[in-house]
Amino acid sequence: VRYPDAGVVTANEFRIPVGRKVEVTLTSDDVIHSFWLPALDGKVDMVPGHTNHLTLTARKAGVYRGQCAEYCGLQHARMAFYVRASPPAEYARWLAAQARAARAPSTASQRAGLTAFLDLPCASCHTIRGTSADGRLGPDLTHLADRSTLAAGVIPNDRGHLGGWIANSQTIKPGNLMPPIPMDPSQLQGLLDYLQSLR
């Protein structure tokens with residue numbers, strides 16, 4: 001999810017201000033998807049090579065669940081997203097915070113986790129703004145700890161699930177593009193400490 005005017009990139013969930021029209025531009029790189037957000041609007045197809053638009057307006061604050069409504073592959077049924085609508089002032093504070101680079105590690109374990117992130121294959125696929133990690137294949141992780149879910153809404157974003165996802169995401173969501181990442185337990189614990197600090 002890209003907020004072009006603010007330079008912000010998130011994944012799996014996005015935020016909008018209550019009571020304001022928000023134009024969403026929809027594209028797909030690979031197959032046809034269908035963006036369906038039943039509590040806020042109807043379905044709009046996302047077709048490779050085409051750009052579609054949808055205007056959303058949330059009348060009240062809350063979290064709204066969306067779903068891909070077009071069969072798109074192996075994990076189609078587990079391809080969800082969330083929209084969090086908040087009052088305009090709260091939304092503006094959130095957006096300003098998201099535009100900032102990742103905070104620097106503040107503990108030895110977090111520093112070890114950043115080193116592991118940069119030394120392991122993680123940085124070749126993921127971006128963390130403010131570090132040398134500038135991968136474009138996987139989601140931007142600059143503010144990962146601010147998200148409530150991982151893997152397109154499949155699992156909660158907590159330490160146990162995040163650790164399982166990093167160690168072998170294929171056991172959670174077969175067919176996703178992230179390979180198993182072999183590492184020793186101390187690397188994993190440091191990496192988890194670092195990633196969970198990214199708010």
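In this predicted model, helix H4 (residues 159-168) packs against helix H5 (residues 185-195) at an angle of about 125°, their axes lying 10 Å apart. Helices here are DSSP runs of H or I with at least four residues, numbered from the N terminus, and axes are lines fitted to C-alpha atoms over the stretch in contact, with angles from 0 to 180 degrees between N-to-C directions. H4 and H5 are therefore oblique to each other, a label left for angles that are not under 35 degrees (roughly parallel), over 145 (roughly antiparallel) or 65 to 115 (roughly perpendicular). The contact, meaning heavy atoms within 4.5 Å, involves Arg159, Leu162, Gly163 and Ile166 of H4 together with Leu188, Gln189, Leu191, Leu192, Asp193 and Leu195 of H5.

The structure holds four salt bridges, each defined as a side-chain nitrogen of Lys or Arg within 4 Å of a carboxyl oxygen of Asp or Glu. In one of them, aspartate 193 meets arginine 159 at 2.8 Å, N to O; since aspartate 193 lies in helix H5 and arginine 159 in helix H4, the pair ties together parts that are 34 residues apart in sequence. Aspartate 193, with a relative accessible area of 24%, is partly exposed, as buried means under 20%, exposed over 50% and partly exposed in between (1.4 Å probe, protein chains only). Arginine 159 is partly exposed at 29%.

Residues are numbered from 1 along each chain as its sequence is written, and side-chain values use heavy atoms, with hydrogens and water left out. Local features need pLDDT of at least 70, side-chain atom pairs count only at pLDDT 80 or more, and totals for chains, interfaces and linings use all residues.

Key:
Helices (H or I, at least four residues) and strands (E, at least two) are DSSP runs, numbered from the N terminus.
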